[in-house]
Amino acid sequence: MRYFILFFITVFLPIAIIAQTGGNTNNQNNNSNPYSNNPYNNPYESNPYTGNDQTNFLKEQREKENKDGKSTDKKGQQDPNNIDLKKLDPESIKDMNQLKNAENLKNAQNPYEMDPDYQRYIQGNLKATKDSLRKSDEELNKDEKRVYGASFFSNNVFDLSDKSPGTPPSDYRLGPGDEIIISLWGNAELQQSYTLSKDGSIFPRLVGKIFLQGLTFDAASQVIENKFRKIVPANTQIDVQLKSARTIKVTVVGEVKKQGTYTMAAFNTALNALFRAGGVSSVGNMRRIEIIRDGRVVDDLDLYEYLQSGSRANEIYLEDNDRIFVGVYEKLVEAKGLFKRPMYYQLKDDEGLKDLIDFAGGTAADARNSLIHIRTIRNEKQVYVDIDWRNFSNGEYENYILNDGDFVQLKSINDGLKNVVTIEGAVDYPDDYEVRNGQRLSELLHKAGGISSKAYKPRAYVFRAGNSLESDALKIDLGKLDDLENDVIIQPGDRIKILSMKDFEEEYFIEVNGYVRTPKRVPYYKNMKLKDVLLLCGGLRLDAENGRIEISNVVDSVSRYAIESKGNQIKIISIDANLELDKSSENIFVKPMDRIYVRRKSEFLSTEKVQVIGEVEYPGEFVLVGRNERLSSIIQRAGGLKKTAYSEGARLFRAKIGQVVIDMNSALVQKNSQLDIGLKDSDVIIIPSLNDIVSIRGEVQSSTNIKFDPSNMDIRYYIAAAGGYADRPWKNRIYIKYQNGRIKSTKNYLITRVYPKVKEGSTIYVPLKPKKENTTKFSEVFSYSLSALTTLATLLILSRSL
């Protein structure tokens, strides 16, 4: 017996201790439940029987567990068995094998933002935007210093392209290489071209040598005509034309954008050559452009002279080997403020203030001409020089020389009229008017057309200019303007306010709702009747219920100074549909704030309709006959089911509810029974064709879709076709979702399971079995056993010693 007691203590005592502690030393909550969650609760945190396609997130959980090593509830970590799928949209995630992608989409604001092509596109756009902004900044910087004449060549306002041969200018001078055509017709006919030789002559037969070099084209034409007149019959017409001008080479150097040597026709000028060279640079001198020929300056071009007048009387044509030189500007001065053309201007050394004002187009109309501000540099310091315009206009500062970098500014006069009063309110012509010294209120009211008949005469106001705390409000009795106390003297800036009787009138409305042609709020007028209100709303509609017009009234009486109410009162009125013949509405007075309701005839109430889609003879919309027409009736009206219809997969969708499971076969056989469901407005009935595919999802080796085999309706056959079970299938919870939305689960009887039958279009779901977190380990049992034996040995030794 002693050995039996010792054996009992040694073996069962540790087990009892383990049972008391829950078998898990790491269980901080002392939870005796061997599962982290209730095994009878759905571990997915959503109902598998709701019909949502929550397929294979199970495998994703298993992959997370393998990666993390174990599940934990510590702060900052997530239990893979407790994924919150409520945050995911089940309609947008059709295959839960892609849960990882779904979580990425959940973290992204928009799914396409995760696309690498989209990101490259965005980066490219950002770079282009930055480049555009940088270019815009550069352009703005350029615009900050706009120099008059700088855009002359770049804007291409004038045709400064290289002139090609054609009709030459009348002052063009011929030279070696020019080719002319001489034409004779009439009593003699001839057309011959001649090229000027090196000595500048041509040599027509029978005429002899004709020297033309240096002659203008018009003079040369006259010489040729006189020579030919000597040998041709009378009445012969003679014409001379330039066939082609000689070509020359011109070199453009200095402050131009494209220096170089250019080939062009001989009757081009320096402006054409500068255009070919891209125009002058930002520091180029537009006031002195030198034309150098044979080592000496033969002409200088002032672009401002060309821009101001549009032409140059003595402009010379270029010759072969001419050079055009553009130096650096001499002075750059800014004209700012109220000039007609405020910008920077290049000035010559001997030009000053008068020249600048002329270039800037003069002063603007609202410029303060009494003072000219000049900012200049003297003795290495910036100083202001103020010039009185009167002294300038008298010639005192006509020769005032400006320096490079000077800044000349004209400011504007102060805004606002100084001799104006404002008249507003009940006068014939409210407006702003001139006021003169000593003018009284009556005179200004007369200017405004006089006081209107609706004016409130006992009191008007003259608001004297000033801020709101200091301004005066003079109170005037318009009926006593003969009295100087009321007919006050008006000052500039005063505001005269004439009150109107309408200012004290409150506008009331009558609200008309329902089946009139124009439902709206109608302004109330005294002695207004129901017929007036209905006519102002366009009359009754044809489907209006004229026998029941409802008037809601809250106002009992109203005057200019008071409004009284005895509470809300309702009247039901019957009138004739033809308002022209109706007398009832003519005898009913309406009151302010009344509400009139015109109902629709009951036989015209909105019809309810359903939609039938799919394998019926006549799919489409059907109006419900009565308020509770049944499913079988609608199918019959749709011509019945087609031979290709799969009636067991029929589905019904109801607004604001979703899918409603129906049994189409039973509804068609047992008409008007509970299975023959009554239909509601906006119901949608879908009759699918036969779907012979069975889908397997969840804790299987490979989620797949296989063809339905009528000879094998056992669920295990299709799971085997998917490779069999995966690591942790929850066999007791396997369920099937049929095509009509109905769900059937596995039935468990002790150690046996009865699986639902597989049908066409079914989806088989194998859930993931939750892990048991607190299983007892052998090392823990051995530890408790050793501790118990040590305690027992100690007790035996103590008992013997006693």
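Where does Lys-769 lie?

Tutor: The model is a predicted one, and the description that follows should be read accordingly. Lys-769 is found in the loop that runs between strand E39 (763-766) and helix H15 (778-801). Its relative accessibility is 39%, so Lys-769 counts as partly exposed, given that this class spans the range between the 20% limit for buried and the 50% limit for exposed. On the surface, Lys-769 gathers with Lys-731, Arg-753 and Lys-772 in a patch of positive charge.

Charged side chains also occur in pairs. Side chains of opposite charge can pair when their charged atoms come close. The structure holds 27 salt bridges, and several of them can be described individually.

One of these joins Glu-550 and Arg-599, with an N to O separation of 3.4 Å. Glu-550 belongs to strand E23 (residues 544-553) and Arg-599 to strand E27 (residues 595-600), so this pair ties together parts that are 49 residues apart in sequence. With a relative accessibility of 16%, Glu-550 counts as buried, whereas Arg-599, at 38%, counts as partly exposed.

A further salt bridge connects Asp-683 with Arg-654, whose closest N and O atoms are 2.7 Å apart. This pair, too, links distant parts of the chain: Asp-683 sits in the loop between helix H13 (664-669) and strand E32 (684-687), while Arg-654 lies in strand E30 (residues 651-654), 29 residues apart. Both Asp-683 and Arg-654 are buried. Salt bridges with shared partners also unite Arg-287, Asp-302, Lys-348 and Glu-351 in one network.

Arg-541 and Asp-543 form another salt bridge, in which the closest N and O atoms are 3.2 Å apart. Arg-541 has 35% relative accessibility and therefore counts as partly exposed; Asp-543, at 10%, counts as buried.

The surface carries a nonpolar patch as well. Val-558, Ile-563 and Met-593 form this patch, and together they have about 230 Å² of accessible area. Ile-563 is placed in strand E25 (residues 563-564). Because its relative accessibility is 42%, Ile-563 counts as partly exposed.

To return to the part you asked about, Lys-769 is a partly exposed residue in the loop between strand E39 and helix H15, and it is one of the residues in the positive surface patch.

Definitions and conventions. Residues numbered from 1 in each chain as written. Predicted model: local features only at pLDDT ≥ 70, side-chain atom pairs only at ≥ 80, totals over all residues. Heavy atoms only, no water. Patch = residues over 30% accessible without salt bridge, like charges linked within 9 Å, V, L, I, M, F, W, Y side chains within 5 Å. Areas by Shrake-Rupley, 256 points an atom, 1.4 Å probe, with all protein chains shown as cover. Salt bridge = Lys/Arg side-chain N within 4 Å of Asp/Glu carboxyl O. Lys, Arg positive; Asp, Glu negative; His and termini not counted. Charge placed at Lys NZ, Arg CZ, Asp CG, Glu CD. Helix = DSSP H or I, 4+ residues; strand = E, 2+ residues; numbered from the N terminus. Buried < 20%, exposed > 50% of the residue type's maximum accessible area, 1.4 Å probe, protein only.
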